[in-house]
Amino acid sequence: MIEAKHIEKSFFLTKAKEGRFASLRTLFSRERREVKAVHDISFSIDRGEFVGYIGPNGAGKSTTIKMLAGILHPSQGEIRIGGYSPQRERIQVASQIGVVFGQRTQLWWDLPVRDSFEILQAMYKIDDKAYRRSMEAYQELLDLHEFLDTPVRKLSLGQRMRADLAAALLHDPPVLFLDEPTIGLDVVAKTRIRAFLKEVNQTQKKTILLTTHDMDDIEQLCNRIIVINHGKKMMDTSLANLRHQIGLPSLVRIEFRQPPEKLYELEGIERMELSENVLSIYFDKGKISSPRILAEAAGWGEPLDIQMKEPGIEEIIRLIYR
Ligand SMILES: Nc1ncnc2c1ncn2[C@@H]1O[C@H](COP(=O)(O)OP(=O)(O)OP(=O)(O)O)[C@@H](O)[C@H]1O
């Protein structure tokens with residue numbers, strides 16, 4: 001569905017001058033320096049995948065999305081969306097994609113939301129029946145009726161994001177590009193947006209590429225993550241695989257009625273910490289399974305409560321960027 005082959009993007013910036021009248025001399029300077037925002041990135045995303053595209057600030061995430069959406073031209077490489085080139089077949093690609101930039105709205109600032117939708121209907125040549133169908137579906141899923149007649153500039157950030165998502169999906173594109181769709185939202189608004197994205201991915205099989213700095217977005221939504229840094233692809237794998245590759249220990253916490261008399265040793269257990277009645281066991285899933293630990297722990301005392309915890313994505317990402 002989405003195909004990127006060896007894509008690159010360089011920006012050329014004027015070299016800043018130093019000393020007297022630096023800004024004026026920079027303005028008239030012809031000396032340029034190259035910034036490689038994206039450097040030889042390739043990936044292929046199948047229909048219905050939900051992929052997290054993550055990296056630190058300035059890694060090249062937005063630049064990639066802009067190239068996929070046809071907003072920027074790659075300096076090198078080939079892109080195909082549903083078989084079409086965003087650079088050469090813009091109209092066909094426009095029907096294949098919906099784009100949401102969390103930092104910016106694609107709606108008309110002074111117009112009521114409904115009017116923006118009607119302009120989009122005309123722009124995308126959506127027939128009335130299909131338009132009504134989309135509106136009905138999204139009004140319900142995103143509670144649009146609360147603010148359909150409100151000018152966009154008066155919407156809260158959460159409402160604006162819901163309106164932007166509906167706008168991106170009005171023409172029923174199979175692919176969604178989302179650049180930080182939960183940025184600045186409170187927990188309730190984030191939960192709502194995530195539930196909506198999960199729904200359209202699962203029921204409508206939309207292919208979604210998401211950039212975010214919010215690790216909860218990744219954990220709750222994405223089955224695959226592509227990690228980039230300094231414009232280069234560092235990793236492309238499932239979350240489970242990533243956890244495994246990084247080798248962070250899994251954790252099981254057992255609360256006992258009485259603290260165990262001693263800490264027993266077992267192959268695969270990396271360390272144990274006892275705090276009052278609660279024993280935290282850090283272990284390597286590749287060497288010992290959690291049921292085996294629980295079976296052993298039953299002999300160390302009377303367990304009252306058990307909690308399992310996988311290493312958090314935030315911890316994992318910190319290790320990759322290091
Ligand atoms: N229009 C532009 N002109 C010059 N340089 C640019 C332009 N757009 C992006 N860059 C540079 O390209 C690099 C990648 O930027 P990009 O916005 O793609 O990063 P990002 O991963 O989306 O970062 P963030 O998480 O901060 O949004 C940065 O060094 C940035 O300064």
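Domain bounds here come from an automatic or database domain assignment. For this protein, that assignment gives domain 1 (46–243) and domain 2 (247–321). Keep in mind that you're looking at a predicted model. In it, the C-alpha centres of domain 1 and domain 2 sit 39 Å apart.

Six strands make up an open sheet, and if you walk across it the order reads 5-6-7-3-8-9, with mixed pairing. At the edges you'll find strand 5 (97–101) and strand 9 (232–238), each of which pairs on one side only. Neighbouring strands in this sheet are turned by 15° against each other on average, ignoring direction.

Now zoom in on one pair. Strand 3 (residues 50–54) runs parallel to strand 7 (residues 207–211), and 4 bridges link the two. If you want a spot to look at, find Gly52, which stands opposite Leu210 in strand 7.

Next comes helix 6 (residues 157–169), which packs on the sheet and touches strand 5 and strand 6 (175–179). The direction of helix 6 makes about 160° with that of strand 5. How far apart are the end C-alpha atoms of helix 6? They are 18 Å apart, which agrees with the 18 Å that its 13 residues should span at 1.5 Å a residue.

Much of the interest in helix 6 lies in its contacts. Its buried residues include Met161, Arg162, Ala163 and Asp164, and Leu165, Ala166, Ala167, Ala168 and Leu169 are buried too. As for partners, the buried residues of helix 6 pack against strand 5 and strand 6, and also against helix 4 (113–123), helix 5 (128–142) and helix 7 (187–203).

Technical notes. Residues are numbered from 1 along each chain as its sequence is written. This is a predicted model: local features need pLDDT of at least 70, side-chain atom pairs count only at pLDDT 80 or more; totals for chains, interfaces and linings use all residues. Two strands pair if DSSP finds at least two bridges between them. Axes are lines fitted to C-alpha atoms, for helices over the stretch in contact, and angles run from 0 to 180 degrees between N-to-C directions. Two residues are in contact if their C-beta atoms, placed from the backbone, lie within 7 Å. The expected span of a helix is 1.5 Å times one less than its number of residues. A residue is buried if 20 or more other C-beta atoms lie within 10 Å of its own, exposed if 12 or fewer, and partly exposed in between; C-beta atoms are placed from the backbone.
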